[in-house]
Amino acid sequence: MTTTRFAPSPTGYIHVGNLRTALMNYLIARKNGGTFILRIDDTDPERSKEEYVDGIKADLEWLGLHWDRVERQSERLDRYAVAADKLREMGRFYEAFETPIELDLKRKKLLNMGKPPVYDRAALDLSEADKDALRAERGEGVWRFKLDQQRIEWPDGIVGDVSIDAASVSDPVLIKTDGQVLYTLASVVDDIEMGVTNVVRGSDHITNTATQIQMIEALGGTVPTFAHHSLMTGPQGEKFSKRFQMASLRDLRDQGIEPMALLSLMARLGSSDPMELRSTMDELIEGFEVSHFGTAPTKLDTQDLVPLSARVLGVRDFAEVADQIAEIGVPTDLAEQFWAVTRENISTMLDLDGWWSLFRDGVDPVIEDEDKEFVAEAMTLLPEGPYDSESWGQWTAAVKAATGRKGRGLFMPLRKALTGQSHGPDMSQVLPLLQVIRAKG
């Protein structure tokens, strides 16, 4: 059975880059009738916070990415210890004691010699007495996985055939000096024991994948099918940073972005398939093919989500928004009419407050100097309400006959006088709603 996972670290709120990974893994699992695991990478006790765990869950639920089960790496430390012992027994795990300064000097020396800055495995030459002396002087060392220095190859679901020479890669550190298990080891153990069959993640993990394939094989596991998606950039190809464009999902939700607008964009961005606005998760699942994604950096402008959200709302049924409309105070008997008038004139649901204020309280009229006499005369011709969908046409016909104005010169001053705006819903729909609400007030 297909099993995928999304493994965020609860050290902050997840952003659109994280979402891309989560969504791809979710869609693969659902398309194949498999299991989607939410795996919290919380092995760092100093930086991991429960508020971020709750935030991650809330963001995924908002988007409708429902997981089948939750796993927490902090609850599996015993399993990582067993795997570490197994690697030690196999001679694939060794302790190293270099300080960060010493490692940096080694890297600089190799680079100056025109060689790749690969760890020189000096720790393998230490005797037990040497190790004891270093522990007494410096404390515990780090634990590194000893790579077989041969080519590591796999057919990547997006990149294609990948081949990496393990001799060009440093033996990865899997356990820090304070005993903290790093993601590379925890992820391998989890993927093996949880039966993960497919892993989609960013292309910045390709080297990690090479080392993890050797670790999986050493521990007797089955190597998953890997696919590495391209990294995101800003709309002009500029690198993302925390201060630029990489909005957290929480930020986007607070801005009123619609989940299906975000999901529709992210499910196609960077692929050969055109972006099509979808209305259900089933439609996204059916049309998803990971092999259609390319390797070129993927440009994202979060401002594109605003018009997409407007399109989502423009076709939304009243039943889906009735509760939200009631929350802003629209009376039940007016709510459906209110939605019919406003839904194609909003970018997000946050815009409804402004429309309700206009209909409920009216606005300060906007009247140009040259239109003051015209508007004053027109208002004397406005009959008593209540009004219906025919009232606007009847009124403007009477104003036209009395003043001789027509076209834009007739309609625009009246719209601006009643709504304070130069554009918006059809006034034949607006006028009845304005008058009904005023009558109720």
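Which residues line the largest cavity? They are V118, Y119, R121, L147, Q149, A166, V169 and D171. This is a predicted model, where local features need pLDDT of at least 70, side-chain atom pairs count only at pLDDT 80 or more, and totals for chains, interfaces and linings use all residues. Residues are numbered from 1 along each chain as its sequence is written, and side-chain values use heavy atoms, with hydrogens and water left out.

**The cavity**
- The structure holds one cavity of 30 Å³ or more; a cavity is a set of points on a 1 Å grid over the protein atoms alone where a 1.4 Å probe fits but cannot get out, and its lining residues have an atom within 4 Å of a point.
- The space in the largest cavity is about 40 Å³, a volume being the space filled by probe spheres set on the points.
- Sorted by class, its lining has five nonpolar, one polar and two charged residues. Here Ala, Val, Leu, Ile, Met, Phe, Trp, Tyr, Cys and Pro count as nonpolar, Asp, Glu, Lys and Arg as charged, and the others, Gly among them, as polar.

- R121 sits in the loop between α4 (100-112) and α5 (128-138); helices (H or I, at least four residues) and strands (E, at least two) are DSSP runs, numbered from the N terminus.
- With a relative accessible area of 15%, R121 is buried (under 20% is buried, over 50% exposed, partly exposed in between, using a 1.4 Å probe and protein chains only).
- Beyond its neighbours within four places in sequence, R121 is in contact (heavy atoms within 4.5 Å) with Y94, K146, L147, Q149 and D171.

**Helix α13**
- Buried residues of α13 (residues 332-342) are L334, A335, F338, W339, V341 and T342.
- Seen down the axis of α13, these fall within an arc of 160°, so they line one face of the helix; the arc is that of the directions from the helix axis to the C-beta atoms.
- Exposed D333 and E336 are on the face of α13 turned away from its buried side.

**Aromatic pairs**
- There are nine aromatic pairs, counted when ring centres of Phe, Tyr and Trp (its six-membered ring) lie within 6.5 Å, with planes under 30 degrees apart stacked, over 60 edge-to-face and the rest tilted.
- F93 and W143 have ring centres 5.5 Å apart and planes at 40°, so this pair is tilted.
- F93 is in strand β4 (residues 93-96) and W143 in strand β5 (residues 142-145), so the pair ties together parts 50 residues apart in sequence.
- F338 and W356 form an edge-to-face pair, 5.9 Å centre to centre with 90° between the planes.
- Ring pairs link F338, W355, W356 and F359 into a cluster.

Definitions and conventions:
1 Å grid on protein atoms, 1.4 Å probe; cavity = no way out; pocket = protein on both sides within 12 Å on 5 of 7 lines; lining within 4 Å.
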